[in-house]
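I opened my notebook to look up the pairs of charged side chains in this structure. I wanted to know where they sit and which parts of a chain they join.

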Amino acid sequence: MSTTEKTYKVPTMADMAASGEEPEILFWVGCAGSFDDRYKRVTIAFVRILNHVGIKFAVLGPEEACTGDPARRAGNEFLFQMQAMSNIQVLNGYNVKKIVTACPHCFNTLKNEYPELGGNYEVIHHSQFLQGLINEGRVRVKDGQSFKGRRITFHDSCYLGRANKVYEAPRDVLAALDADLVEMKRVRANGLCCGAGGGQYFKEPEPGKKDVNVERVEEALSTGADTIAVACPFCMTMMSDGVKNKNREDSVRVFDISELIAQGQGL
Amino acid sequence: MEIIQQILFLVALAATVWYITKRVRLITRAIRLGRAENRFDHPDERLKTMLLVAFGQKKMFTNLLVGIMHFVIYAGFLIVNIEVLEIILDGVLGTHRLFAPYITPIYLILIDVFELLAFGVLAVCVIFLCRRFIAKVPRFQEERHREMTRWPRTDAAIILTAEIILMIAFLTWNASDSVLRDRGVGHYAELQGIVPDFLISQFFKPLFSGFSDTGLVAYERTAWWLHILGILSFAVYVTYSKHLHIALGFPNVYFSDLQPKGEMQNMPEITKEVQLALGLPVTTDADGSQTNDNGEQPAEVGRFGAKDVQDLKWINLMNAYSCTECGRCTSACPANITGKKLSPRKIMMDTRDRLEEIQQGWKTNGYDYKDDKSLLNDYITAEELNACTTCQACVNACPININPLDIILQLRRYRVMEESQAPASWNAMFSNIENNMAPWKFSPSDRFNWADQVNEK
């Protein structure tokens, strides 16, 4: 591994437009990726991979705003559409064609719900993007941390999996690591939610016997995995909280797939 | 004697047809209470879905063994009913095995196939009764699921028992008929040498060896009548039962959602308001209906979201009538699994119960009748709606593509937009999005601060 200090850059659309350039792809960071301390590390890992591969990308930076997904799922259609329309004005203003995001909720909303409101883009999730880079040989997991002997289990996000049938991409990404992949009982189309969707993340759960994330983490722990891989900021929080609830945070870690790839690459 | 039987048969048949027509009209009227929506688009894709999911029962094979058993009942239902055609014609014309002399080789194969399936149906119905009431499959138990009250459980028992009785009647009718043919009694002798013993019913023949000829004729007639009257009354019963899925399952799958499961339906009436609020040109509604761009109010502004069944779409209501309460949705629901009140099956059962209640109102007070109840609150509570994670596991689990989530989301829209009844923390999330462009209270100007850490180790 080279010891020279790398400098990672995060160009904004405004910078690009000022210099008359257009990026190959817009990285839609999302609110969690921008503000949540834990998920900021995922944003950074992904940006480092983008830099490393030399992809011409840009972010919206301060011009980005919530897609409106949580408002829509909670029932506030008016607020959702206000957000969507404003975002579409910004995106169309920059002539955006292709978007990648590390949040399945942003992914689903941008991909499936913006077209009807005038926002038509090719939208991919970062798992699909990474899968493409790995398949093309542009990302090779070497130079970094070895995953030999580690057991990783992947938790399907509802809005990536069931909502958009993306099941293989994150698994293909993980397969690039030299780790053992172990599956939980409820996976893919039958995957169990982490408990955050539909606005649940933003309120206390309704009365019940158990929290959904605890149920899911118990299932993940039963695989004997030392790493729970996720591909969604809300799953990240819910699974991490669940691991803490089970007092296993010393032996079991929760990582986003891009963090694992970045670790494998020594980025 | 023959003619009396023919008249009785015609009366029974006509009464059934009349009654079922009445029921079908009523149910159609109830389904049409729902809001209009075009579900006749993409006929190729719809047909393909129906062939795979309804006719091919693709989603039932998630559990292979149960899938096979259900397929036996389903195939039995479809195919054994071909025999009903002959039974009806025999009944009307006073004939006996009308088709046998004309298409003998095919006839013999057909009856053997029918008998095999009938035996299969019989066996599977017994197994299904055992699964429900002895093995106590959790999703059917009232202790676990409060919507599994007395009626749904009785309904299931009635259906399975009725099918068992019908199949026994069919098989023993064939057996007694074979014995009568062997003995050359009356008109039964006519098919001697043409129709041999059948595949399954031959094993029931010893049951009748001690019967006198008169007793045997009496049994043969009773079994024939029991079988056909059973089928006719079963057909009527089905219109009141969860078992209506045997008919509505097919159109229900044909009209099911084609968009990705994560996609929520747009509300064009709000699009226009938002466009006006943002000073954008007002475009034509997505559904193609006319909007005006000179700011005139549309003729009628409906409710935002759904409070009652009339506010839902017709397909939601057809979903409710198609649901056979198997509970696969509820078993997959993360909220339900962890002990919350929400049960997607209950959402469907409540919707149907509410429709049935409105029908009762129509009966006594005419079609304009309106009561002061609604699906929201009187049937489905806020606690249930608020527990949903919108994970779509229920939608995925349903073998006939019912979408309970769509109903939940429409009811949520009503609570939030018409009643401002969101939980307090959701209201906080809304105002954060509105003011800070994120669901949390961070300053929008800090949104890009993460980039400062990109080179930190």
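This is a predicted model: local features need pLDDT of at least 70, side-chain atom pairs count only at pLDDT 80 or more; totals for chains, interfaces and linings use all residues.

I began with A:Arg186, which counts as partly exposed because its relative accessibility is 22%. The side chain of A:Arg186 meets that of A:Glu215 in a salt bridge, with 2.9 Å from N to O. A:Arg186 lies in the loop between β6 (180-181) and α9 (212-221) of chain A, while A:Glu215 lies in helix α9 of chain A, so the pair ties together parts that are 29 residues apart in sequence. I also checked A:Glu215, which is buried, with a relative accessible area of 15%.

I then turned to chain B, where the side chains of B:Asp257 and B:Arg39 form a salt bridge of 2.7 Å, N to O. B:Asp257 is in the loop between α7 (245-254) and α8 (268-277) of chain B, and B:Arg39 is in the loop between α1 (2-31) and α2 (43-55) of chain B, so this pair ties together parts that are 218 residues apart in sequence. B:Asp257 is partly exposed at 25% relative accessible area, whereas B:Arg39 is buried at 6%.

My last pair was A:Arg138 and A:Glu136, whose side chains meet in a salt bridge at 3.3 Å, N to O. Here A:Arg138 is partly exposed at 38%, and A:Glu136 is exposed at 54%.

Finally, I recorded the total over all chains, which is 46 salt bridges.

Conventions
Residues are numbered from 1 along each chain as its sequence is written. Chains are lettered from A and ligands numbered from 1 in the order in which they are written. Side-chain values use heavy atoms; hydrogens and water are left out. A salt bridge is a side-chain nitrogen of Lys or Arg within 4 Å of a carboxyl oxygen of Asp or Glu. Buried means under 20% relative accessible area, exposed over 50%, partly exposed in between (1.4 Å probe, protein chains only). Helices (H or I, at least four residues) and strands (E, at least two) are DSSP runs, numbered from the N terminus.
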